[in-house]
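User: I am new to this model and would like to know how its labels are reached. Please set each value against its definition.

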Number of protein chains: 2
Amino acid sequence: MHADRISIPPEHPRVKSLYTREMLVDGYKRGLVAAEGLIAHGRGEAYDYLIGERTTKTAQRAIKAAAGMLLLSKRPVISVNGNSAVLCPRTLVELAKVTGSAIEVNLFYRTEDREQAIKAELETHGADNVLGVGSRASATIPELQSERRRVDPEGIYSADTVFVPLEDGDRTEALVKMGKRVVTIDLNPMSRTAKAAHITIVDNIIRAMPAIVEAAHEIKGSRSLRKIVDSFDNKKNLRESLKIIRRGM
Amino acid sequence: MHADRISIPPEHPRVKSLYTREMLVDGYKRGLVAAEGLIAHGRGEAYDYLIGERTTKTAQRAIKAAAGMLLLSKRPVISVNGNSAVLCPRTLVELAKVTGSAIEVNLFYRTEDREQAIKAELETHGADNVLGVGSRASATIPELQSERRRVDPEGIYSADTVFVPLEDGDRTEALVKMGKRVVTIDLNPMSRTAKAAHITIVDNIIRAMPAIVEAAHEIKGSRSLRKIVDSFDNKKNLRESLKIIRRGM
């Protein structure tokens with residue numbers, strides 16, 4: 001968290017949001033986050049404000065379904081980018097452990113320095129086999145341009161389910177076309193990512209990640225896993241999230 | 001614009017928004033924009049998407065009133081920060097010229113290097129007397145903390161009207177309390193800035209700035225200036241912008 005580098009007046013009405021913002025800026029300065037990642041975070045902030053900066057019941061249902069989907073999968077992979085690595089490295093690693101998922105670094109703005117920095121951050125928080133870094137990303141996702149298509153043959157390429165928090169639309173759609181089950185976290189229920197994914201958690205990753213870990217612990221080994229996942233309706237869920245945003249305005 | 005440093009596939013559906021984004025990132029790399037400015041831009045992007053990435057009729061009314069207000073003022077000042085200097089240096093300088101406004105650099109995250117870089121950027125685009133830089137900012141705005149309160153005694157401090165595109169809530173409120181007429185550009189009609197200002201243009205600064213310059217040329221010298229300004233109702237205008245956003249969802 002590097003709290004020593006961050007100073008927010010504790011009486012500020014939006015202290016949580018400011019603190020998260022500072023974590024991102026700090027992550028940028030440490031070489032984990034891309035400049036474009038800061039802009040993307042701002043978009044998320046706007047939608048989080050609109051949804052009331054809370055985990056809605058609708059999001060809670062998606063969270064449970066997401067945990068169920070990862071637990072049911074044979075080869076689940078958690079795809080990590082700079083923003084998610086900076087905001088919740090510990091819970092990403094915990095989720096991988098409780099669901100038996102692999103962790104792969106997968107960047108929109110790919111540089112090996114940034115990949116290595118993210119890998120190191122995840123390892124600091126207990127990850128032991130981080131995929132996708134450097135020459136390990138030797139397989140390709142069809143229909144994407146250049147560097148953005150490279151994935152690890154032992155990770156995303158051969159996964160049945162990919163958890164891509166904070167992903168862009170092109171890549172989410174490409175993963176779905178490859179036949180992957182896709183789970184995402186996206187605060188904008190109208191985004192292409194939100195619409196393309198099979199399970200979309202419309203929530204702030206800061207709140208959603210600990211909740212997914214908790215849900216995974218809770219339902220692991222349950223007989224109703226399949227039912228939890230099959231009864232989830234993503235389109236309906238997105239419509240409900242949109243309603244909540246409109247009502248809040 | 002530094003188009004040589006920016007590469008966006010021209011067929012991309014959101015090419016304009018991506019280009020603007022790259023201008024900001026480039027501005028960050030050139031030392032004009034703060035990291036927090038990138039996040040703020042992201043919030044703006046989200047609201048711009050919601051409003052349909054166009055200048056609404058409601059915004060057009062606010063634009064006309066803003067031009068009128070600047071033309072009617074005795075000591076209007078245009079307050080420039082990193083984001084506005086990077087996104088529309090030319091039109092900021094043009095607006096100052098047509099309305100007889102002074103230009104003052106006024107930063108939320110103040111460093112003298114950044115002030116100097118912004119001043120130089122404005123001078124490159126024709127500004128000849130940029131206020132607020134370094135020791136010139138020797139007056140203070142009451143009720144604000146530390147570096148954020150410093151302003152130029154010849155500029156904002158003695159202004160009757162301050163145009164603060166992309167300003168934060170605390171400062172906008174402080175300026176209003178000082179008795180200034182405040183004009184702003186803010187894509188979020190629910191923000192404290194939007195609510196505190198006397199005239200709020202709910203539009204992307206990229207579209208709004210050339211429109212204000214055009215309006216100022218058009219109505220300059222007109223006998224109905226006072227009427228244009230007095231008939232403008234900011235609360236009503238904000239409600240209409242909010243309606244447009246809700247309808248678009």
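Predicted model: local features only at pLDDT ≥ 70, side-chain atom pairs only at ≥ 80, totals over all residues.

User: What makes β2(B) and strand β3 (residues 130–131) of chain B a pair?
Analyst: They are joined by 2 bridges and run parallel. Two strands pair if DSSP finds at least two bridges between them, so this pair meets the cut-off. Residues count from 1 along each chain as its sequence is written, and chains are lettered from A and ligands numbered from 1 in the order in which they are written.

User: Which strand does β1 of chain B join, and by how many bridges?
Analyst: Strand β1 (residues 76–80) of chain B is joined by 4 bridges to strand β2 (residues 102–105) of chain B, in parallel. Across this pair B:Ser79 faces B:Glu104, and B:Ile78 faces B:Ile103. Strands here are DSSP runs of E with at least two residues, helices are runs of H or I with at least four, and both are numbered from the N terminus.

User: Why are β3 and β8 of chain B said to stand at the edges?
Analyst: The open sheet of 6 strands in chain B has the order β3-β2-β1-β6-β7-β8, with parallel pairing. β3 and β8 (199–201) each have a single partner strand, so one side of each is left without a neighbour in the sheet. Chain A also holds an open sheet of 6 strands in the order β3-β2-β1-β6-β7-β8, and its edge strands are β3 (130–131) and β8 (199–201).

User: What joins β6 to β7 in the two chains?
Analyst: In chain A, strand β6 (residues 161–165) pairs with β7(A) over 5 bridges, in the parallel sense. A:Val162 is placed opposite A:Val182 there. In chain B, strand β6 (residues 161–163) is joined to β7(B) by 3 bridges, with B:Phe163 opposite B:Val183.

User: Why is A:Met209 called buried?
Analyst: Buried means under 20% relative accessible area, exposed means over 50%, and partly exposed lies in between (1.4 Å probe, protein chains only). A:Met209 has a relative accessible area of 0%, so it is buried. Its place is in helix α9 (residues 205–219) of chain A. Apart from neighbours within four places in sequence, A:Met209 is in contact (heavy atoms within 4.5 Å) with residues including A:Cys88, A:Leu92, A:Phe163 and A:Ile185.

User: What does the side chain of A:Lys180 reach?
Analyst: It reaches the backbone oxygen of A:Ala159 at 3.0 Å. A polar atom of this side chain also lies 3.2 Å from the backbone oxygen of A:Ile156. A:Lys180 itself is in the loop between α7 (169–177) and β7 (181–185) of chain A.

User: What makes A:Arg30 and A:Glu121 a salt bridge?
Analyst: Their N to O distance is 3.2 Å, so it falls within the limit already given. The pair links distant parts of the chain, 91 residues apart, with A:Arg30 in the loop between α1 (15–29) and α2 (35–51) and A:Glu121 in helix α6 (residues 112–124). A:Glu121 is buried at 10%, whereas A:Arg30 is partly exposed at 24%.

User: What about A:Glu154 and A:Arg136?
Analyst: Their side chains meet in a salt bridge at 3.9 Å, N to O. A:Glu154 is exposed at 53%, and A:Arg136 is partly exposed at 31%.

User: Where do A:Arg207 and A:Asp48 lie, and are they buried or exposed?
Analyst: A:Arg207 is in helix α9 and A:Asp48 in helix α2 of chain A, 159 residues apart. Both are buried, and their closest N and O atoms are 2.7 Å apart in a salt bridge.

User: How do you know that the copies meet through the same surface?
Analyst: 100% of the interface residues of chain B are also interface residues in chain A, so the surface is the same.

Conventions:
Heavy atoms only, no water. Polar contact = N/O pair within 3.5 Å; in protein donor to acceptor, adjacent residues only side chain to side chain. Salt bridge = Lys/Arg side-chain N within 4 Å of Asp/Glu carboxyl O.
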